[in-house]
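Take a moment to look over the structure below.

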Amino acid sequence: MGSTPVIEAVALGKVYATGDTPVVALADVTLQVHPGEFVAVVGASGSGKSTFMNLIGLLDRPTSGLLRLDGVDVAQLNPNQRASVRNHKVGFVFQGFNLLRRTSALENVELPLLYAGIPASARTAAATRALQQVGLGERLGHMPNQLSGGQQQRVAIARALVNQPALLLADEPTGNLDSTTTREILKLFVDLNVNHGITVVMVTHESDVAAVSRRVVQFKDGRVVLDGPPPAEWTPSIDVPWHTPSQAVVA
Amino acid sequence: MSLFTLLRLAFRVIGRNKARAALTVLGIVIGVAAVIAMVALGTGAQQNIASQIAALGSNLIIIIPGTTNVAGVRGGGGSSTTVDVEDIDALRREVKTISQIAPANRQQVQIVAGDANWGTQVQGTTPGFYSVRDWHTDQGTTHSDQDEASQNKVCVLGRTVATELFGREDPIDKWVRIKKVPFRVIGVLSSKGQSPMGSDQDDTVIIPFSVYRARMAGTQRDQIQSAYAAAIDANSAQAAVDDMTAVLRQRHHLRESADDDFSIRNLADIAAASREVSESMTLLLGSIAGVSLLVGGIGIMNTMLVSVTERTREIGIRMAVGAKARDILIQFLVEAVVLSAIGGAVGVFFGWLAARLLSDATGWVTIFDPSIAALAFAVSGAVGVFFGFWPARRAAQLDPIDALRYE
């Protein structure tokens, strides 16, 4: 397509200056993710994959290197501008759902629109649409504690999508879910990626989840050690359009 | 975010923990209620005193023969016989800063009208009394100089006496007997109500001074129990007191070092003194209330700090989906202000209630001033802004990633 990369990291680094010895969480990561990609980020605990996610989600700031989101150099932004980028360009899905307690599904999904300054009636309409899109159109008024884990994660996905971001970031989105629910959520991601053209970057440590993606980026000790299609021996937990046995053999 | 959204959010969060909110705002409630009740009481007391003093007559100066002081034993006011009729005549002649002076001697008598009788106080005084005391008749007239000169046996009844003796009948031209002497009723005085000392000023009968001297005074014909004088205007009251003091001291041949053997009191001074007392009381009670507001504000700050800590994760979530530091700051600030404003509103209500119950129970006059209520409410809101700012800023300055990871 030749369009601007959604994510462009050049020599990206993050060093935590805790205690006497600085801890290098991320060293020299150079990576591009283009619109419409479905990327799985894998690696052991402490490999730097979560740090990478936090950096591209603008929840944390890099200590070195360059990071462009949708063409914008986000390392140069002030906190307010970063908040605005989080609001408009990135949708975040967390392992622990991170929904507001005692707040209805609809209001949770409205949250990004609230901070985008969208008027109340438009907020409700857009949030309702997003919840319908993830199959929760019947549960708008439910509180998180009245929903199953999978449903809560769907609410979180609706919240991530409601502002029509360029990028959906998911940090272990299925980590707290059973295998049936995991498959439902993965199908939702695939559907969003294939049918709505949403770029998905998903952190996971499970190979069958990672195998659903079209591209796997593996981190180790803060560096990218592998970047390519999912290895053939990984069996995806759901059928995906791009994953055929022949491809797997070639890979 | 719109103000409506912010307020709705604040009310919802506060509503989730009602017991905590109630305890938090208790300090504000007590502070505001105290301010409202105290100011209502203070204003009422001030107005009460002012109206009582006004009822005594404007520019009024009271002359009482000296408090006697014999070997340290001091008699009460009027206990000595140091002022006589000639002193009053001299004051009338010589003091230019007074427009009127009227002696007033009195005693307790039983007054009889037909088969009704009533124990009251008879006062012998000159016609100047009515203008000095600013006291007029509702019915009939007051007695005249002619009545004085002719020693006419006429009387003017106080409202209470008229009612006790004649009920609803018209007392004018009826006859009453005081110490077996028949008097013709020529007037009924308007009602003055309670004196500042609490006695019923309407429970009195006034007769001409000359008649009093001849018929009531017995052997003490020349002694004066009290006299009322009017200064020529309010600004001359002090000068009048000084002038009269000088004349009386000279007439009584008092040496420089000797104390006055009489006392002259200027009602304006008494009024000012009592106003000062009630003002400083109000100020004192107001500052106690202010301290209570301060403590209430600290309570709000404490609760907001706890709330910010508890809701660190919520703050992280909000920041992750795009809340700016300012959005978080405003959210928590609005919450603090809503809390303290609730306290203020409840406090205004309880203050008003306390003032009402107090005046019902004790009969004290209380005046509820809506502008004070509005002020107290506004101050409680300001307390919320002031004490809510620091916790709100702490919330706003959280780092999104730290807040999200907070367990």
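Which residues of helix α6 (residues 159-166) of chain B are buried? This is a predicted model, and in it the buried ones are B:Thr160, B:Val161, B:Ala162, B:Leu165 and B:Phe166.

What do these buried residues pack against? Their partners are strands of chain B. β4 (98-113) and β5 (116-125) are among them. So are β7 (154-157), β8 (175-178), β9 (181-189) and β10 (204-208). Now step just past the end of α6(B). There B:Gly167 has a positive phi of about 60 degrees.

Next, turn to the place where the chains meet. Chain A brings 23 residues to the contact, and chain B brings 23 residues. Between them, about 2,100 Å² of area is buried. Carbon and sulfur atoms give 54% of that area.

Charges meet here too. Two salt bridges link chain A and chain B. In one salt bridge, the side chain of B:Arg12 meets that of A:Glu107, at 2.5 Å from N to O. On the side of chain A that touches chain B, the elements giving two or more residues are α2 (79-88) and α3 (105-116). That side holds 10 nonpolar, six polar and seven charged residues.

How far can you trust chain A? Its average pLDDT is 90, and 96% of its residues score at least 70. Residues 245-251 of chain A stay under 50. For this stretch the model has five contacts beyond four places in sequence.

Notes:
Residues are numbered from 1 along each chain as its sequence is written. Chains are lettered from A and ligands numbered from 1 in the order in which they are written. This is a predicted model: local features need pLDDT of at least 70, side-chain atom pairs count only at pLDDT 80 or more; totals for chains, interfaces and linings use all residues. Side-chain values use heavy atoms; hydrogens and water are left out. pLDDT is the predictor's confidence in each residue, from 0 to 100. Contact means heavy atoms within 4.5 Å. Buried means under 20% relative accessible area, exposed over 50%, partly exposed in between (1.4 Å probe, protein chains only). Helices (H or I, at least four residues) and strands (E, at least two) are DSSP runs, numbered from the N terminus. Buried area is the accessible area (1.4 Å probe) that two parts lose on being put together, summed over both. A salt bridge is a side-chain nitrogen of Lys or Arg within 4 Å of a carboxyl oxygen of Asp or Glu. Ala, Val, Leu, Ile, Met, Phe, Trp, Tyr, Cys and Pro count as nonpolar, Asp, Glu, Lys and Arg as charged, and the others, Gly among them, as polar.
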